[in-house]
Amino acid sequence: MLRAFRDAFRIPDLQRKIVFTLLLLAIYRLGSAIPTPGVNSAALSQANSGGLFGLISMISGGNLSQFSIFALGVLPYITASIVIQLLTTTIPALEKLSKEGEEGRKKINQYTRYAAVGLGAVQALFFSLYITSNPSFVAVGWDPGVFTVLVMVLTQVAGIAFTMWIGERITEVGVGNGISLIITSGIIAVYPREIAATAELLRSEQTSLLSILAFFAVIVATIAGIVYVYQAERRVPVTYARARGGAAGQARGAGQATWLPIKVNQAGVIPVIFASAMLILPNLIASATATRAPEVNAWINSNLTFGQPLYLALESLLIFGFTYLYNSVQFDPKRISEQLREAGGFIPGVRPGGPTAEFLGRISGRLSLWGAIFLVLLTVLPQIVQRASGITTFQFSGTGLLIIVGVALETLKQLEAQLTVRRYDGFISKSRLRERRNN
């Protein structure tokens, strides 16, 4: 990895791409420090809690807890992308667009941007009403009325649009996927502060050096496991019939062997996000029944809060369910078997058509099981480790580590691909230059 970055900085074109990417990410982080007009950021950050709010705040780099101008950032775009992606497999018009190449992809991206802005406006309205409902969250000199809500919503919609523009510019002109890099920068941004707070625990003798070393050893082991599972895939052998001879009615010769890669973790972090979204409902019920049904409120607070055994069990079941649901939508064995048959491909030892679809379905089901177990361990293990070690100053999140590692690996692959292309171009140019000199 270090060699790839060193070689990239030696090529002026790639150097400009990397500097451009870092500059736009710096602009995004600068905007994250600007509070939304009318918001008391200090009071709001103290009310930050776990669950979905904590997960969203972590992904946004603490923007949501302070409600900066980029508080929502790319979160509406991510939600809209997931929804459009799921609808593409169920709505014939969107499925037809997805098969029309570059033009169809541009149309779908345009619909995704419109949906992100609309969804962001609704989310901004929800958070603005929540902030104005508590006078302590409203800045001094601002009236918690319609005008303040309107200013907050317009600020957030503008921030969403600008964040999407930054992400698209990074993707088109810079290095890596812009939206993913923005999310990663938000997660990494809080690490220096949390590391300093953890070091303060050691300095004040609130914890031992052995506990901190063991805590960070678990983090390193988790990163190694994420890299291993993220790269893991089942390669299903596929043979394509290859024609030889130039006359009409070509005879079929030996097949061309390749493979169909199926990842162990096909769903990424989406099941974890969906499960966290479902488990925020008990917190809403507890807030609504605080005065009317105090016994219900007490039971929810003692059993369905972050880190409790029942909470972990429900979260694990939801992750399993959403993993199978998302994989069944993303990986359609019937469609893949039809595409293989149309391209003249087949799996050795398996008949084309229905038997191929059943074979791929069994493989996908087994991989979904291991992927779900991996996501459950990645979600539950940090909560158990934090409760056992008592170190709460560092946000040890398996979801955040999965995002960081995944984005880092994908960015490295893109960087190495661009280095390979430029080396190949340089080799071609030198060969042509030698030919001209020889001639």
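**Close-up views of a predicted model**

View 1. Not counting residues up to four places away in sequence, Asn-40 touches Ser-136, Phe-137, Val-138 and Ala-139. The model shown here and in the other views is a predicted one. Asn-40 itself has its place in the loop between α2 and α3, and its side chain reaches the backbone oxygen of Ser-136 at 3.2 Å. The C-alpha atoms of Asn-40 and Pro-135 are separated by 9.4 Å, although these two residues are 95 residues apart along the chain.

**View 2. Thr-36, in the loop that joins α2 and α3.** Thr-36 lies between α2 (12-31) and α3 (41-46), and its relative accessible area is 2%, so it is classed as buried, the limit for that class being under 20%. The side chain of Thr-36 makes a polar contact with the side chain of Gln-156, at 2.8 Å. When neighbours within four places in sequence are left aside, Thr-36 is in contact with Phe-67, Ser-68 and Ile-69, and also with Met-152, Thr-155 and Gln-156.

**View 3. The packing of helix α8 on helix α9.** Helix α8 (residues 101-132) and helix α9 (residues 146-173) pack at an angle of about 140°, and their axes are 8 Å apart; the crossing in which α8 passes α9 is right-handed. On the α8 side the residues that meet α9 include Arg-113, Ala-116, Val-117, Gly-120, Ala-121 and Ala-124, while Met-152, Val-153, Gln-156, Val-157 and Ile-160 are among those that α9 contributes. By class, the contact of α8 with α9 has 13 nonpolar, five polar and two charged residues. Gln-156, listed in this contact, is also the residue whose side chain makes the polar contact with Thr-36.

**View 4. The packing of helix α9 on helix α10.** The axes of α9 and helix α10 (residues 178-189) are 7 Å apart, and the two helices pack at an angle of about 115°. From α9 the contact is made by Thr-163, Ile-166, Gly-167, Ile-170 and Thr-171, and from α10 by Gly-178, Ile-179, Leu-181 and Ile-182. Sorted by class, the contact of α9 with α10 has five nonpolar and four polar residues, with no charged residues.

View 5. The strands follow the order β4-β1-β5 and their pairing is antiparallel; β4 (256-263) and β5 (345-346) are the edge strands, each of which pairs on one side only. Strand β1 (residues 233-240) pairs with β5 in the antiparallel sense over two bridges, and Thr-239 stands opposite Phe-346 in β5. Helix α18 (residues 354-389) packs on the sheet, where it touches β1 and β4, and its direction makes about 165° with that of β1.

**View 6. The whole protein, for orientation.** The secondary structure of the protein comes to 19 helices and five strands, and of its 439 residues 42% count as buried. Among contacts between residues at least 6 apart in sequence, 73% join residues that are at least 24 apart.

Key
Residues are numbered from 1 along each chain as its sequence is written. This is a predicted model: local features need pLDDT of at least 70, side-chain atom pairs count only at pLDDT 80 or more; totals for chains, interfaces and linings use all residues. Side-chain values use heavy atoms; hydrogens and water are left out. Two strands pair if DSSP finds at least two bridges between them. Helices (H or I, at least four residues) and strands (E, at least two) are DSSP runs, numbered from the N terminus. Contact means heavy atoms within 4.5 Å. Axes are lines fitted to C-alpha atoms, for helices over the stretch in contact, and angles run from 0 to 180 degrees between N-to-C directions. A crossing is left-handed if the near helix is turned anticlockwise from the far one by less than a right angle, and right-handed if clockwise. Ala, Val, Leu, Ile, Met, Phe, Trp, Tyr, Cys and Pro count as nonpolar, Asp, Glu, Lys and Arg as charged, and the others, Gly among them, as polar. Buried means under 20% relative accessible area, exposed over 50%, partly exposed in between (1.4 Å probe, protein chains only). A polar contact is a pair of N or O atoms within 3.5 Å; within protein, one must be able to donate a hydrogen and the other to accept it, and residues adjacent in sequence count only if both atoms are side-chain atoms.
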